[in-house]
Amino acid sequence: MLSFSRYVKYGFIILVVLVSLSFLYILDQEASDLKRWFPNGQQKTPTTPIAEDSDKRLANATFVILARNSEVDGVARSIQNIEDRFNAGRYPYVLLNDEPFTEQFKKWVKFCSLLEANLIVMPVRRISVLTPALVEFGVIPKEHWNQPPWIDEEKASKAREGMKAQKIKYGDNVQYRNMCRFNSGFFFKHDLLKKYKWYWRIEPNVKFHCDIKMDPFLFMEQNDKVYSQRPTSGFTIAVYEIAGTIPSLWRNVREFMEQHPEYVAENNSMPFLSNNHGTTYNLFWSNFEIADMDFWRGPAYTAFFEHLDSKGGFYYERWGDAPVHSIAAGLFLRRDQIHFFEDIGYQHDDWSHCPLRDDLWEKGRCACDQGNSFDYDPWSSCKKHWDRLMELGH
């Protein structure tokens, strides 16, 4: 007769076998899903039905998200929002980081199975349910991100200490400066972006308030709003820059203009950028940006960025990509080649653009309060200056 302990032993073995068979079945089902979605181990863009009233032709374009591993929740929210309001799986995503994305981050963003610790297998489906679009992950080359070796660190350190004392936002942050320099002169050179012409920059934790009925990429392409042959940018928010972060920027811009007058466009947007010779600036807010990367890759901007970069202002001061991009677009393009997206409701932090025209607000099923739109905030928004420039005509 078997002892009680032997009954327990055999019962435990049977339980382990049953549980193992259950997990093997789950894995088999997950593997079938993965093979359907990622044949030969590669992710692909599944065929996604597009609304009947939308343009089935797509531009050569991608969304670009610069994110840290710790920002996975914010990335998820941004992707979910733009998918619901516009993309529906049509355009791909390129996510960039200055260090390798963790497997946890990737599996949060991709459709896959996750092997957890303690020999327990738990299938997980996360951001894949938000988009069937291609999602690629890239590491930024160190030479495109890190402070260059020719920067005088003692001088840069003193500058950071001074800005910290003045309570300037990110004043003592080296990583922020790395990000600004990368966004100014290098992101469009990344291997994952070389195959694309257009990009739409999206930040973690942003919100799009309205349905986007038209394709912004195709709109700009079809309306001569392009950065390549006749370059342009798209924006939703215009702001003043913090003067303490760019004290010598305008002097170096003027120096470049004197050396390269051939790059300065006729009928440019200089009256919007500054009407007091660079003492104060008006800017397009670059964390919302739709543009043709061939403009940044072109000779005018390449020479412009290299000139500015050689001055060290990204580190000796705190030059941002917003003033650098804004000045370049404002000087090297005609003003009619820069487009304001009135109908794209957008929120970043506490700043929000909500369509003020009732017909656009209603058509877009906008969830924003028109009364809280940042457009004509008397203290921070410079949209009124852009309106005045547009009234002057082309």
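So, burial: of the 394 residues in this protein, 52% count as buried. Keep in mind that we're looking at a predicted model. The accessible surface comes to about 19,700 Å², and carbon and sulfur atoms own 54% of that.

On the fold side, we have 15 helices and 14 strands. If you take the contacts with a separation of 6 or more, 80% of them are between residues 24 or more positions apart.

Okay, let's zoom in on one helix pair. H6 covers residues 174-185 and H13 covers 321-332, and the two pack with their axes 8 Å apart, at an angle of about 20°. Anything under 35 degrees counts as roughly parallel, so that's what we call H6 relative to H13. The crossing of H6 past H13 is right-handed.

Who's touching whom there? From H6 you've got Cys180, Asn183 and Ser184, and they meet Asp321, Val324 and His325 from H13. Sorted by class, that contact has two nonpolar residues, three polar ones and one charged.

You'll find Arg365 in the loop that links helix H14, 358-363, to helix H15, 383-391. Buried or exposed? Arg365 is exposed, at a relative accessible area of 56%.

Notes. Residues numbered from 1 in each chain as written. Predicted model: local features only at pLDDT ≥ 70, side-chain atom pairs only at ≥ 80, totals over all residues. Heavy atoms only, no water. Axes fitted to C-alpha atoms, helices over the stretch in contact; angles between N-to-C directions. Helix = DSSP H or I, 4+ residues; strand = E, 2+ residues; numbered from the N terminus. Parallel < 35°, antiparallel > 145°, perpendicular 65-115°, else oblique. Left-handed = near helix turned anticlockwise from the far one by under 90°. Contact = heavy atoms within 4.5 Å. Nonpolar A, V, L, I, M, F, W, Y, C, P; charged D, E, K, R; others polar. Buried < 20%, exposed > 50% of the residue type's maximum accessible area, 1.4 Å probe, protein only. Areas by Shrake-Rupley, 256 points an atom, 1.4 Å probe, with all protein chains shown as cover.
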